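These are my notebook entries on a structure that is new to me. I record below what I looked up, beginning with a single residue and then turning to the chain as a whole.

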Amino acid sequence: MSNSVFLISVGLLLCVGELTAETRQQTALSYIEVGDKFIHQGDFDRAIGAYNIALQFVPDFAPAFFHRAVAYERRGDVLKAIADYTNALDIVPGLTTAWYNRGNLRLNEGDLDGALSDFDKAVASDPRYVMAYNNRGIAKIAKGDTDGAMADFTEAIKIDPHHPEAYVNRGLLRLQQGMKTEAERDFARSIAVRPSLKSFIESRMSLISQNPN
């Protein structure tokens, strides 16, 4: 959609009330597609503008809130992203990825309890959501629950035996617990899947050896 068409369409919002519910939803979906194209171009402001229009056509449209949250997140507006993931989940509680994404933002913001709650809901919604287990394990380490973290990393590996992040995280936790042989085995498995992790693992091993506690 060209810029001129995009701007002209804003004026058409005056007639939204005259459209059928089906037409409004189809139009909202078309603006979500426009927004997604802007996201891929790195133009987050215009993406957000497209999602705003989608929400004018369908004010309670969970996909528009979700996609706008992604745009806010990419733009660095963490609080707005969290708010929009929340809006989406209030409408459709089964949006597993929204629980996961909001959990990641909360984890990065230091809201460990909020992050754990979101990851809990993500794995409850999708028991095979590997990254939710992995990141919940990271949150549990931050809370001091090393046993729970170990269980989550192990569960992630059980679901996907070729998941490098879970092997790395379990390996680092094992190394901190003095399980050097088991840790090295996890590191070897992660590097076999993703060789680029080798330098990261080596740097983390060095830090742990310098600060064993």
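Entry 1. I looked up N134 and found it in helix α8, which covers residues 130-143. The model is predicted, and I read each entry with that in mind.

Entry 2. Is N134 buried or exposed? I noted a relative accessible area of 2% for N134. Since buried means under 20%, N134 is buried.

Entry 3. I then asked which residues N134 is in contact with, leaving aside its neighbours within four places in sequence. I listed F153, A156, H163, E165, A166 and N169.

Entry 4. I turned to the secondary structure of the protein chain and noted 12 helices and zero strands. Read from the N terminus on, the elements run α-α-α-α-α-α-α-α-α-α-α-α. The radius of gyration is 21 Å, well over the 17 Å that the globule rule gives for 213 residues, so the protein chain is more spread out than a compact globule. For the C-alpha atoms I recorded a box of roughly 70 × 30 × 30 Å along the principal axes.

Entry 5. Buried residues make up 44% of its 213 residues. Of the contacts with a separation of 6 or more, 46% are between residues 24 or more positions apart.

Entry 6. Last, I examined surface and charge. The accessible surface of the protein chain is about 11,100 Å², and carbon and sulfur atoms account for 53% of it. I counted 23 positive and 27 negative charges, whose mean positions lie 5 Å apart.

Notes
Residues are numbered from 1 along each chain as its sequence is written. This is a predicted model: local features need pLDDT of at least 70, side-chain atom pairs count only at pLDDT 80 or more; totals for chains, interfaces and linings use all residues. Side-chain values use heavy atoms; hydrogens and water are left out. Helices (H or I, at least four residues) and strands (E, at least two) are DSSP runs, numbered from the N terminus. The radius of gyration is taken over C-alpha atoms; the globule rule is 2.2 Å times the number of residues to the power 0.38. Buried means under 20% relative accessible area, exposed over 50%, partly exposed in between (1.4 Å probe, protein chains only). Contact means heavy atoms within 4.5 Å. Accessible areas come from the Shrake-Rupley method with a 1.4 Å probe; for residues, only the protein chains shown count as cover. Lys and Arg count as positive and Asp and Glu as negative; His and the chain ends are not counted. The place of a charge is taken as NZ of Lys, CZ of Arg, CG of Asp or CD of Glu.
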